[in-house]
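Please find below a colleague's note on the structure shown here.

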Amino acid sequence: MGTRRPLMLQMVHDPSALEPRCRFQDEDSDDYEAPIALSSAIADAIRSRTEEHLKKIRAAVSAKPIVMRAEYAYCPNLTIIDTPGFVLKAKKGEPESTPDDILAMVKALAAPTHRLLLFLQQSSVEWCSSLWLDTIRAVDPTLRRTIVVVSKFDNRLKEFGERWEVDRYLGASGYLGENTKPFFVALPKDKGNITNEEFRKQIAHVDAEVIRHLRESVSGGFDEEQFGPYIGFGSLKRYLENELQRRYREAAPATLALLEQRCSEVESEVVQIDTKLEATSNVAVLRRSAMLYAAAMARHVGALIDGAADPDPEEWGKTTDEERSESGVGNWPGLTLDVKPANASLKLHGGAAFERVMHEFQCATCSIECPPVSREKVANILLAHSGRGGGGGLTAAAAGIARASARSWLAPLLDAACDRLAFVLRSLFELSIERKRIEDSSDCETLPYFVLPAYYMFSL
């Protein structure tokens, strides 16, 4: 079946799976869903996943693959990527760029040089008019890693009457070069509800009928020594199995060397960890490590307050709305309008975030009008000082009125500002740990386990 998304089939050798166990990977995570038994249900799932995803992104083609894991006792560990088929013209309602989008996607998937390319073409297409051979050559110029397969070969048999006609067609008329020999396959016409064993028998029967026709119905037969190993699905299967075994054998030394290198690295890491664990029982060493770590953390906290570009603000910074949400402060008390300081949409941390909160506090205070003071309050204070003589008493009275008024309407804003600033300052510890990890991860693998509990107790 054709789709507009790549299908990534992860074949996994599992001796306990006497029947194939197929399951799809969740579209939004790395988890796999429950197994699907019926092949028709698998086809329906592929179709529905394609339609839902394309509708979601509002596109006709997507490079995001559908990942299906197939566990089976009689398959190798192998990943097969089935790409969307090439098209010359977009379907009705699709963007005109659909053919180019599919072409670019297939080229990108075929680009890695360790991948084998299986190019499938129907027998009705003449070699001289094969439009997509040039596309394959753009990725694999010498066709060194390309396997060309001609399908529906049985439909072409009746056109051959003489041996030279068959041999010329099987030899690809020189279009593929001397070192590339295509395979010619045909599949059973009846693909109803039959078992895997019955289907394999039908394939073997079709292969035998194709060979029999070439031997008996073509005058002079065909060059069986040269082309016989490339005719039939069974021949293609044997070639792919042998090629897979060859590649496994060739990759074995490099794989073994890589495993040995990794084992050596792990052993070295284990020795380092054992040394650090032993050091934790030595109070003097632990005290020295704690002092060095505390000094490094203080240095990083200071650098963050002064302004630092690392860790990456896009990953570790927060916007104004994120700060409000995660700090639990929300909007400024007493204000109905949303205060948006400069750079509110930027992800900031450290000193930049601190200064933004201060600017936001300034904007909030400027947005509130000082509430009027009642004449009774003013009269009570001024009349009490009127008989004492001098202007000092009246000045002190005015200052007292101003302080009381400011305390009543600025105090909630100050409390909110302190909570927001405390949230920014608390985040400096995690940022400092990340800076320390980037600076030298080997020095902060054990001590943070002792420091973090104290930090969280302090931050509560």
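1. C263 is partly exposed, its relative accessible area being 46%. On this scale, buried means under 20% relative accessible area, exposed over 50%, and partly exposed in between, with a 1.4 Å probe and protein chains only. C75, by contrast, counts as buried at 10% relative accessibility.

2. Basis of the note. The model is predicted: local features need pLDDT of at least 70, side-chain atom pairs count only at pLDDT 80 or more, and totals for chains, interfaces and linings use all residues. Residues are numbered from 1 along each chain as its sequence is written, and side-chain values use heavy atoms, with hydrogens and water left out.

3. The structure holds zero disulfides, a disulfide being a pair of cysteine sulfur atoms within 2.5 Å. For C75, the closest cysteine sulfur is that of C22, and the separation of 9.3 Å is too far for a bond.

4. Strands. Helices (H or I, at least four residues) and strands (E, at least two) are DSSP runs, numbered from the N terminus. Strand β3 (residues 66-72) is mostly covered, with six of its seven residues buried. β3 pairs with strand β1 (residues 7-13) in the parallel sense over seven bridges; two strands pair if DSSP finds at least two bridges between them. Within this pairing, M8 has V67 in β3 as its bridge partner. Strand β2 (residues 21-24) runs antiparallel to β3, and four bridges join the two. Here R23 has R69 in β3 as its bridge partner.

5. Helix α5. This helix (residues 196-216) has 21 residues and reaches 30 Å from its first C-alpha to its last, close to the 30 Å expected at 1.5 Å a residue. The expected span is 1.5 Å times one less than the number of residues. Which residues of α5 are buried? They are I203, V206, D207, V210, I211 and L214. Seen down the axis of α5, these buried residues fall within an arc of 130 degrees, so they line one face of the helix; the arc is that of the directions from the helix axis to the C-beta atoms. Their cover includes α4 (163-170) and α7 (233-279), where contact means heavy atoms within 4.5 Å. K201 and E216, on the other side of α5, are exposed.

6. R212 and E209 meet through their side chains in a salt bridge (3.1 Å, N to O). A salt bridge is a side-chain nitrogen of Lys or Arg within 4 Å of a carboxyl oxygen of Asp or Glu. The two residues are three apart in helix α5 and are therefore separated by about one helical turn. An α-helix has 3.6 residues a turn, so residues three or four places apart point the same way. R212 is partly exposed at 36% relative accessibility, and E209 is partly exposed at 33%.

7. Other salt bridges. A search of the whole structure finds 32 salt bridges. One of them joins D14 and R21, with the closest N and O atoms 2.6 Å apart. D14 is buried at 17% relative accessible area, whereas R21 is partly exposed at 27%.

8. A link between distant parts of the chain. E323 forms a salt bridge with R420, the closest N and O atoms lying 3.2 Å apart. E323 belongs to helix α10 (residues 320-327) and R420 to helix α13 (residues 392-440), 97 residues apart. Both E323 and R420 are buried. A network of salt bridges links D321, E323, R324, K340, R356, E360 and R420.
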